[in-house]
Amino acid sequence: MLLAGIVLAGFTFTACDKDNPEEQQGQVVEQPDDETDEPGDETDEPGGDATSPSTDDYPSLQGSNYYVLLLDNGSFNAIAENVTLDLRVNDNNVFLYLWEETYQEGIKTGLGFYGNDDWTSIVTTPTQGWSGGAITLYPAEIENIDLLTEIASEPENYYLHFAYKSNSDKTNHAIFSEAWGTRVKIGSVGVGAFVDNGDSYTPLVPVSGQFVAGEWNEYEVKISDTGLDFSTVPTASPNNFFAFLSGGTAGITFDLDAVFIYKK
């Protein structure tokens with residue numbers, strides 16, 4: 001479950017080459033239509049030539065065993081020697097799906113969480129009363145996908161990390177995963193609980209302690225607190241590893257950056 005000629009956060013939207021099975025999200029059928037290309041030039045070495053931030057300035061870049069889903073090239077280069085598995089969008093076996101065209105490209109203002117300009121901004125354009133999307137994996141086609149099971153050995157020491165920005169203090173989004181075939185609610189970002197057809201997502205507290213509109217808010221969720229069980233390799237395809245819902249109101253911005261799991 002978990003766009004053509006448009007460039008979004010370094011991703012080029014193209015027609016989908018993968019199978020698009022219909023899958024149920026709440027009361028609506030959601031089907032991924034399109035996907036993104038890999039960040040940067042596909043001929044570049046991992047990390048590219050983008051400016052790398054100083055890891056001294058960001059505690060979240062000082063860990064180990066990174067499983068990277070969404071990250072600019074410069075920041076990836078800064079942690080490259082500690083990356084266990086690169087799961088960034090590559091238009092091959094990892095995609096950014098925006099279900100049923102319920103989002104469009106947003107207008108990026110400022111730099112990303114780590115100071116580079118390669119980050120994702122999308123805006124809701126729902127016509128069905130909902131909006132959603134996901135970073136979606138095809139596990140059987142990903143080399144070394146079994147390395148995900150290392151997280152299960154110390155789930156209390158691994159964290160899901162991501163950064164979210166919004167100019168509004170009255171909106172929120174749901175974050176969840178369906179990596180093993182069952183929806184696991186991670187929580188909601190922004191202000192207040194996100195409610196999806198009566199199903200409530202508990203608000204997550206930013207690392208700073210309070211959500212601040214107009215700024216990047218950093219979130220870290222201990223894997224042992226998520227309900228995700230990494231003891232087995234996810235096998236379903238497509239596999240919505242990091243998914244989100246943004247509601248049925250048009251014009252809601254969802255700015256996202258620095259999505260990865262890592263060990264502290």
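How many bridges join β11 to strand β18 (residues 239–245)? The count is 6, and the two strands run antiparallel.

## Basis and overall make-up

This is a predicted model, where local features need pLDDT of at least 70, side-chain atom pairs count only at pLDDT 80 or more, and totals for chains, interfaces and linings use all residues. Residues are numbered from 1 along each chain as its sequence is written, and side-chain values use heavy atoms, with hydrogens and water left out.

The chain holds 1 helix and 19 strands. Helices (H or I, at least four residues) and strands (E, at least two) are DSSP runs, numbered from the N terminus. Of the 264 residues, 53% are buried. Buried means under 20% relative accessible area, exposed means over 50%, and partly exposed lies in between (1.4 Å probe, protein chains only). The accessible surface comes to about 11000 Å². Carbon and sulfur atoms account for 44% of that surface. Areas come from the Shrake-Rupley method with a 1.4 Å probe; for residues, only the protein chains shown count as cover.

Strand β8 covers residues 94–98. It is largely enclosed by the rest of the structure, because 5 of its 5 residues are buried. In a regular strand the side chains alternate between the two faces of the sheet. Both faces of β8 are covered. V94, L96 and L98 are buried on one side, F95 and Y97 on the other.

β8 pairs with strand β11 (residues 132–137) in the antiparallel sense, over 5 bridges. Two strands pair if DSSP finds at least two bridges between them. F95 stands opposite T136 of β11. L96 faces I135 in β11.

β11 is also largely enclosed, because 6 of its 6 residues are buried. G132, A134 and T136 point one way. G133, I135 and L137 point the other way. T136 has a bridge partner in β18 too: N240.

## The largest cavity

The largest cavity holds about 70 Å³ of space. A cavity, on a 1 Å grid over the protein atoms alone, is a set of points where a 1.4 Å probe fits but cannot get out; lining residues have an atom within 4 Å of a point. Grid points are joined across faces, edges and corners, and the volume is the space filled by probe spheres set on the points.

The lining consists of L160, I175, F176, S177, I186, L228, F241, F242 and I261. β13 gives the most, with 3 residues. By class, the lining has 8 nonpolar, 1 polar and no charged residues. Ala, Val, Leu, Ile, Met, Phe, Trp, Tyr, Cys and Pro count as nonpolar, Asp, Glu, Lys and Arg as charged, and the others, Gly among them, as polar.

## Aromatic pairs

The whole structure contains 20 aromatic pairs. Rings of Phe, Tyr and Trp (its six-membered ring) pair if their centres lie within 6.5 Å; planes under 30 degrees apart count as stacked, over 60 as edge-to-face and the rest as tilted. Y58 and Y114 form an edge-to-face pair, 4.8 Å centre to centre with 90° between the planes. This pair links distant parts of the chain, 56 residues apart. Y58 sits in the loop between β5 (34–36) and β6 (64–70), and Y114 in the loop between β9 (103–105) and β10 (120–124). Y114 is buried, at 3% relative accessible area.

F176 and Y201 make a tilted pair, because their ring centres are 6.4 Å apart and their planes meet at 55°. F176 lies in β13 and Y201 in strand β16 (residues 199–201), so the pair ties together parts 25 residues apart in sequence. F176 is buried, with a relative accessible area of 1%. Y201 is buried as well, with a relative accessible area of 1%. Y103, Y164, F211, F244 and F254 form one aromatic cluster.

## Backbone details in loops

A cis peptide bond joins S237 and P238, with omega about -5°. P238 lies in the loop between β17 (217–222) and β18.

E100 has a phi near 50°, a positive value in a residue other than glycine. E100 is in the loop between β8 and β9. Its relative accessible area is 27%, so E100 is partly exposed. N144 also has a positive phi, near 65°. N144 lies in the loop between β11 and β12 (158–165). At 42% relative accessibility, N144 counts as partly exposed.

Notes
1 Å grid on protein atoms, 1.4 Å probe; cavity = no way out; pocket = protein on both sides within 12 Å on 5 of 7 lines; lining within 4 Å.
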